[in-house]
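Welcome! Please take a moment with the sequence and the 3D structure below, and then we can walk through them together.

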Amino acid sequence: MKQLGSTRSCQQPNHLLLTPDTFVRAPLPGMKKTTAIVHASQRIGARFIQYSAEFEKDGSLGDSRRQQRFIYVLDGALRVMDKDLKPGDYAFVRSHEYQAVVALEPSRALVIEKPFEHLFGTLAPESFCGSADGVPPQPLLGDSAVQVRSLIPNDPQFDFAVNSMTFEPGASLPMVESHVMEHGLLMVAGGGIYRLGDCWHPVTEGDFIYMAPYCPQWFCAVGKTPAQYVIYKDWNRHAD
Ligand code: UGY
Ligand code: MN
C-alpha cells in the first residue's frame, strides 16, 4: 500500500480512518522512553484525546491529571495503581488524580483522555482497574454473534463508555447507526467492512477510526476469525 502513494487512510468531514502505514510517532509532554501516535484530538473536532502509547521497558506516561484517563493494554505489561496489567486489562484514573503508568517490559496501550463533566446529583467516579476477560459479554440487541463487553460500569457517574465488541465472521451491526455520540475505535483483531458516511472501508487489526456525531456507521466482519474492536463514546450526559 505504501508504494505509489497509496493508503487506506482517509479523512472525511464526518470521519477519519488511520491505518498503521501512516502512523507518525511523537513524544507527549512528560513521557519517558515512550512515544505516542495521536489518533484523535480537538484538532479534528473530537471532545476527547485518543492515542496509542508505545513504551520501552521502564517507559512511562506523563501527568494528565487535569483530565480523566483510560488505559487499555494491547501488548506487554504495565504497572498502574500497584497492579500489573496484561493485554486486555485496563485502568480508569479519575480527574485530578495522578497515577503512574510504567511499563514492566516493551508494551503498547490505547489511551483515552477526557475532561470530566460532572452530572448534578452524582458523585465523581473513583479510579479502578479491570480486565475485559472479567466482564460478562452481552449479545447486541439479542444477536449472540455480536458480543459487547462494557469496560466501564454503566453508572451515571461516568461521562464516557468504552466497550469491547466482538463479531463472529459474517456478523454485523443490526442497523446503520447515526447518533449524537462520537466514537474513537481501535481494531484489535480480525477485520471487515466499515461503512462510514458514504464510504465503505476495508478495515483490519491496528486501524483507528474517529466518527463524528451523526456519522452514519455500520460494520460487518469479514474473514475466518472474529473481528474485535475497542470503542469509546461520550455517554450519560446531556447533549449540548
Ligand atoms: O455503541 C455504539 O454506538 C456502537 N454500536 N457503535 C458502533 O459499533 N459503531
Ligand atoms: Mn455507534
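## A charged pair

Asp 159 and Lys 114 form a salt bridge, with their closest N and O atoms 2.8 Å apart. Here, a salt bridge means a side-chain nitrogen of Lys or Arg within 4 Å of a carboxyl oxygen of Asp or Glu. Side chains of opposite charge can pair when their charged atoms come close.

Before going on, a word on the model: it is predicted, so local features need pLDDT of at least 70 and side-chain atom pairs count only at pLDDT 80 or more, while totals for chains, interfaces and linings use all residues. Residues are numbered from 1 along each chain as its sequence is written, chains are lettered from A and ligands numbered from 1 in the order in which they are written, and side-chain values use heavy atoms, leaving out hydrogens and water.

Strands here are DSSP runs (E, at least two residues), and helices are runs of H or I with at least four, numbered from the N terminus.

## The whole chain

How many helices and strands does the protein chain have? There are zero helices and 20 strands. Along its principal axes, the C-alpha trace of the chain spans about 50 × 40 × 35 Å.

## A link across the sequence

The structure holds 14 salt bridges. One of them joins the side chains of Arg 47 and Asp 240, at 2.9 Å from N to O. Arg 47 lies in the loop between β3 and β4 (49-60) and Asp 240 in the segment after β20 (227-234), so this pair ties together parts that are 193 residues apart in sequence.
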